[in-house]
Amino acid sequence: MIKTVAYFPEQCALNSGPVMSRVLDCLQARGFKTEENSMNADLAVIWSVLWNGRMTANQQVYEHYRLHDKPVVIIDIGALRRGHTWKIAVNNI
């Protein structure tokens, strides 16, 4: 059962603030405890799988959580139209 959700604000794109904030608000409103920079939560939320620049460390987070059979929610922008469309995936699916 998922009770805690980790997020990594320093590993997000600079324009991610409003979207990540809304995601965290939604999770908290539904009773999930959010933990900043935790490698011990039940689920992780990361920004992008580009493993580049600010998001380089997300690869380590992704691999750690998957190694422990824990889900990773990935938020990404621009899969269809940059700046207009969003993708939310679980375990990159």
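**View 1. Asp76 in strand E4 of the predicted model.** Asp76 sits in strand E4. The side chain is buried, yet Asp76 has no salt bridge. Lys87 is the nearest side chain of opposite charge, 4.4 Å away. Setting aside neighbours within four places in sequence, Asp76 is in contact with Ser48, Thr85, Trp86 and Lys87.

**View 2. The open sheet of 5 strands.** The strand order is E2-E1-E3-E4-E5. Pairing is mixed. Strands of a sheet pair through backbone hydrogen bonds, either parallel or antiparallel. Strand E2 (33–36) and strand E5 (86–90) stand at the edges. Each has a single partner strand, so one side of each is left without a neighbour in the sheet. From one strand to the next, the twist averages 20°.

**View 3. Strands E1 and E2 side by side.** E1 covers residues 4–7. E1 and E2 run parallel and are joined by 4 bridges. Thr4 has Lys33, in E2, as its bridge partner.

**View 4. Helix H1 on the sheet.** H1 spans residues 17–29 and packs on the sheet. H1 touches E1, E2, E3 (43–47), E4 (72–77) and E5. The direction of H1 makes about 165° with that of E3.

**View 5. Helix H2 across E1, E3 and E4.** H2 is formed by residues 58–67. H2 runs at about 155° to E3.

Technical notes. Residues are numbered from 1 along each chain as its sequence is written. This is a predicted model: local features need pLDDT of at least 70, side-chain atom pairs count only at pLDDT 80 or more; totals for chains, interfaces and linings use all residues. Side-chain values use heavy atoms; hydrogens and water are left out. Two strands pair if DSSP finds at least two bridges between them. Helices (H or I, at least four residues) and strands (E, at least two) are DSSP runs, numbered from the N terminus. Axes are lines fitted to C-alpha atoms, for helices over the stretch in contact, and angles run from 0 to 180 degrees between N-to-C directions. Contact means heavy atoms within 4.5 Å. Buried means under 20% relative accessible area, exposed over 50%, partly exposed in between (1.4 Å probe, protein chains only). Lys and Arg count as positive and Asp and Glu as negative; His and the chain ends are not counted. A salt bridge is a side-chain nitrogen of Lys or Arg within 4 Å of a carboxyl oxygen of Asp or Glu.
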